[in-house]
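Please work through the following exercises with the sequence and the model at hand. Each task is followed by a solution in steps.

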Amino acid sequence: MRVTIQQVRPQGEHDNFFTSTDYVRGTIQLDLQDGDAITRITVELSGSLLGSVIAAATNPRDSTMHAVDNHKLLNLCDNLFPPPHLPISPKGFCLPNGTNIFPFQFRFPILSTCHDTNDFIAHRNTTLPPSFSVQAPNNAARAEMKYLLKVKVERPGRFKSDVTEEQEVRFMPLDPSLPPPMLWPAHSKNSRSLLPNAVAPAGEHREHCMVTLEVTLPSPAILYTKGSLPLEVFAFAKGLEPRVSSPVRMRSLNVSLRTEMTVTVGPNKTTWPLLHQLIDHPDLDIEIHHLDEPPGQISPDLWKDCVVPDVTPSFTTCTSMQQHFLVITGGFSHGAGPIQMIKTTINVDVLTGIKPASDGAGEAEDESSAEMTYVPWRVGSERHLGIRRRSGSISTPPPAYF
Ligand SMILES: [Zn+2]
């Protein structure tokens, strides 16, 4: 007896990820040399999230003690045999020799609820996470999200074991469009007092000045992989005597994308970062104006060629979370004083921008539709994006996504 899974996918689609609302179609082929009795044939599409963290409660010298758990975030199941009009018989039904073919079809949902029943944590009804496998440095934690197509052929009798076959299915979520919440541009800023000129010119006192670095992203603060960086950066100086003081200059600008992965298993939790440099200008010389002289905006030409790297998108599940932050660091000097760094961080969501295959291009997304009824908004991200939720809007996705 041999059982195989044959997926039916459009030509050229085999290397692509499945995405939300995509169908997984195919046939189960059961090859029998002789007629054989079969009790039942089931096929399932499941998504399991494995988490593994060094357990804090164990002896710290024993680094091999990991707390492990496994949450089933997706579980779709279909009975292929016997047909619905026949009851399950413990003796099974005889199938003829040769190839027996059973078609199947599943559809990836946009939202899914974890099947785990442990009450101590929130098992979310949320966007399915992408397929991924990550490991923290020093093996301190591990997490893996795997989607599997699995077929099980049950046979009657104590001595005949079930025959199973499985196939991995790679998944990348479609960025959901949910009803618009109250949207505010996301921004963050940081200030510091710059050391004054090393040597004040004769007759001038050594003055202190306060420089502020402020960054803004249009709301919602979402970056698309392989997309541009819609960043606005402002810099102001305060406490300068206009026309008398030595100027404040921006000497460098660095923007990085920090990815933070958090894996939680019970009371044990590990977070680790990964840094991708997006732009680095170590030799700038831009005069920074006094606060009263707007606009104080740094030219976006400095990052016009920047492309957001193809990182695993943000996701939030009951036990694992991947967050992203833009880290903006400017170097400033006052007159001949030393270069001092000001750093500010803004929490963003990174999405893939995958859309159904109709238009293919993920480029002209948001601005093109002036009357944007729905914004891309991942369930679970509203808090760290600073999105103000409109009451009741989150629990019911628009009908298009059922
Ligand atoms: Zn769960």
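**Exercise 1.** Determine which residue of β23 stands opposite M250, and describe the pairing of the strands concerned.

*Solution.* Step 1: the residue of β23 that stands opposite M250 is F332. Step 2: strand β18 (residues 248-265) and β23 are antiparallel and pair over 15 bridges. Here, strands (E, at least two residues) are DSSP runs numbered from the N terminus, and two strands pair if DSSP finds at least two bridges between them. This is a predicted model, in which local features need pLDDT of at least 70, side-chain atom pairs count only at pLDDT 80 or more, and totals for chains, interfaces and linings use all residues. Residues are numbered from 1 along each chain as its sequence is written.

**Exercise 2.** Describe the pairing of β23 with β22 and with β24.

*Solution.* Step 1: β22 and β23 run antiparallel and are joined by 2 bridges, with F315 opposite Q322 in β23. These strands form a hairpin with 3 residues between them. Step 2: β23 pairs with strand β24 (residues 340-351) in the antiparallel sense, over 9 bridges. H324 has V348 in β24 as its bridge partner. Step 3: the hairpin of β23 and β24 has 5 residues between the strands, and G335 takes a positive phi near 55 degrees there.

**Exercise 3.** Explain why strand β23 counts as largely enclosed by the rest of the structure.

*Solution.* Step 1: a residue is buried if 20 or more other C-beta atoms lie within 10 Å of its own, exposed if 12 or fewer, and partly exposed in between, with C-beta atoms placed from the backbone. Step 2: strand β23 (residues 320-334) is largely enclosed because 11 of its 15 residues are buried.

**Exercise 4.** State the strand order of the open sheet of 4 strands and identify its edges.

*Solution.* Step 1: the order is β14-β15-β17-β21, with antiparallel pairing. Step 2: β14 (186-194) and β21 are the edge strands, each pairing on one side only.
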